[in-house]
Amino acid sequence: MGKKKILIVDDEKTFCWMVKINLEKTGEYEVKTESKSRMALSAAREFKPDLIILDVVMPDMYGTEICKKISQEKDLKDIPIVFLTAIVTEAEAEFQEGIIEGRPTLAKPITTEKLITHIERMLE
Amino acid sequence: MKILIVDDEKQNLKLLQKQLERFDHKVFSAGNGAQALDMLQTSQGPGFEMIISDILMPIMDGYQLCRAVRGNEKIKDVFFVLYSGTYIDTKDKILADKIGADAFIQKPAGIDELMGVINKIKQDQKAKRTPMEPDPQAEILKLYSERLVQKLEKKMLELQDEVAKRQDVEQKLLRSKESFRNIVEKVVDGIVVLDHKGYIKLINPAARLLFDRKAEFAEDELFGFPVCKGESTELDVIRSDGNKVIVEMRIAQTQWEGKGAYLASLRDITKRHEQTTELMMANIKLKAEIEERKKVQASLSEAYLKLKDTQFQLIQAAKMELVGRLASGVAHEVKNPLAIIMQGIDYLAQAVSTDDENVTQTLNFMVNAVDRADTIVKDLLDFSSAKPLELSPQNLNAIVEESLMLVKHEFERRHIEIDTDLNHPLPCAALDRNKLKQVFINLFINAAEAMPTGGKLIIKTYIQNLSNLKSDLPAKISTYSKPRGPVAIIEIKDTGMGIEAKNLDKIFNPFFTTRLREEGTGLGLSIVKRIIDMHDGRIEIKNRPKGGAKVIVMLKV
């Protein structure tokens, strides 16, 4: 099995880049980043990721909207989506899974280790 | 010396007798010349050595007596002194001498003068006495009648004068009596004089009017009211028209016709009484009004307090809402850079040589710093949480137990014994499960940290009726949200160091902490308080008498 493809959509370019290099450093993942929320859908269509990491609060389009759109697209709707956002606390994320659009939610800031654990659990 | 004194004025006799007796003379008295002559001729007679006689007397005057004495062989040697007050001129003295009197003294004479004369007579003996002619000579008789007529004339004049004087006095008396009558009749106050048996001796028109009595049967009637001396008494008098009159009576002791009597002064005080009663009624009314006003004032100030409280809460709520909005904005903006730093640390941890201990240490410090910043943001969010409660029926005991399970390792680590009494069934209540879990976790961790070297945690839940509950909350807080009826009580007691008295009223303040900076944000108890307040519950924290702290959480069920 090849590298797992992961799409990160976040308006913080630096954050996208940091996550990308941290994940790719493991050699397990191929990561594509998109910092323009409006481009998220086309990026997904083009990249066909195994998993999408979505920020929630972004200019132009919220992550929740992107999530809805992906769910409605035949080719994309089965791709697991995880929200990674600063609007929830770690406790909220842990105790109340699926608080956003019924999807797993992770709170920023997060360690790479924790992120990978979640990614792996979702890709099983 | 044995002396006979003769005078028709009894008082003169008495006075003279007293004076003479003081000089050890034996004194006898007679009312006129005839009586004196009788006494001189009886058995007492021979002893008399001196006669002191007045001149003008009824039956036998002093001259006649003198003549009779001198004419009587047995008593002719007795010293004779004429003692007269009035109408004296030299002719009197001549006559006295002629009829054989030894001396003539003019009244009033002091006792010294009298005694002087008496002693002189004794010394002179009878030597110089003019022997009396056996028969009254014409000259003597003439002189005698002349003197007598003159004296009688003078006496007449004197009597006329006396009568005039008496008439004058009588006139004055009459006028005075008239004025007295006048005063008694006209005076507004009632005046009644009573004899010692209580019979009316005098009653004035004012008193008659007071007692509603007619003049003809007022006097010599029984008064009929008790008479008390000194203090004034009030009498209720029922008049013939049926009206009641209140009469004030004062009694004084007096004399009436020479006998002890009572003087009653009476005054109609019905009006005064009415006024007093009116005043009293007005007073009572005034007092009631004041009382009423006080009550109104009390309820006003209570309402004011309530209003102030409500205002405080509204301001507080508005503040919290603003803080909430601010906090969630800040949180988002802070967490994003924190996320980048965290990822950066992760990258550096991989990329940089881990052989250098300082690098590893530095990276650890950075991770801790990010965690701390993240915790502060999280606490701030919790504290300011503008999110409404998510209420659902919950079993409070289950929430307590669940919370305890989550932090059990904190107690085990410190060898703290846990004693739970959650056996009393608590009714299901609408509660925010997650927020309450946060409350209990917070409280449990506080308790654990208060007992670093072990101890005992005691948790007890029960239902209590709030009216029976004694609250230690200060009045200011307890007026705010006063739950009534049954409440669920959760007691959390520890055996730790307790809370310093000076900190007791600060523990719920945001950012107040007794811990080191790295250990806490100082928001824990503020969040707890806020969540309890949102549930309309109450929380008290106090020190236990035996040491350690006691937390009481009250929630409506």
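A polar contact is a pair of N or O atoms within 3.5 Å; within protein, one must be able to donate a hydrogen and the other to accept it. In this predicted model, seven residue pairs make such contacts across the interface of chain A and chain B, both residues at pLDDT 80 or more. Salt bridges there number zero by the rule.

**The interface**

Contact involves 23 residues of chain A and 22 residues of chain B. The two chains bury about 2,000 Å² between them. Carbon and sulfur atoms account for 63% of that area. On the side of chain A that touches chain B, α1 (13–25), α4 (90–95) and α5 (112–123) of chain A each supply at least two residues. The most come from α1(A), with seven residues. By type, that side of chain A has 11 nonpolar, six polar and six charged residues.

**The sheet of chain A**

Chain A holds an open sheet of five strands with parallel pairing, in the order β2-β1-β3-β4-β5. At its edges stand β2 (29–34) and β5 (105–107) of chain A. Each has a single partner strand, so one side of each lacks a neighbour in the sheet. From one strand to the next, the twist averages 20°. Three bridges join β4 (residues 81–85) of chain A to β5(A), in the parallel sense. A:Thr85 has A:Ala107, in β5(A), as its bridge partner.

**Helices on the sheet**

| Helix | Strands of chain A | Angle |
|---|---|---|
| α1(A) | touches β1 (4–9), β2 and β4 | about 175° with β2(A) |
| α2 (residues 40–47) of chain A | lies across β1, β2 and β3 (51–54) | about 170° to β1(A) |

How values were computed
Residues numbered from 1 in each chain as written. Chains lettered and ligands numbered in written order. Predicted model: local features only at pLDDT ≥ 70, side-chain atom pairs only at ≥ 80, totals over all residues. Heavy atoms only, no water. Contact = heavy atoms within 4.5 Å. Buried area = accessible area lost by both parts, 1.4 Å probe. Salt bridge = Lys/Arg side-chain N within 4 Å of Asp/Glu carboxyl O. Polar contact = N/O pair within 3.5 Å; in protein donor to acceptor, adjacent residues only side chain to side chain. Helix = DSSP H or I, 4+ residues; strand = E, 2+ residues; numbered from the N terminus. Nonpolar A, V, L, I, M, F, W, Y, C, P; charged D, E, K, R; others polar. Pairing = 2+ DSSP bridges. Axes fitted to C-alpha atoms, helices over the stretch in contact; angles between N-to-C directions.
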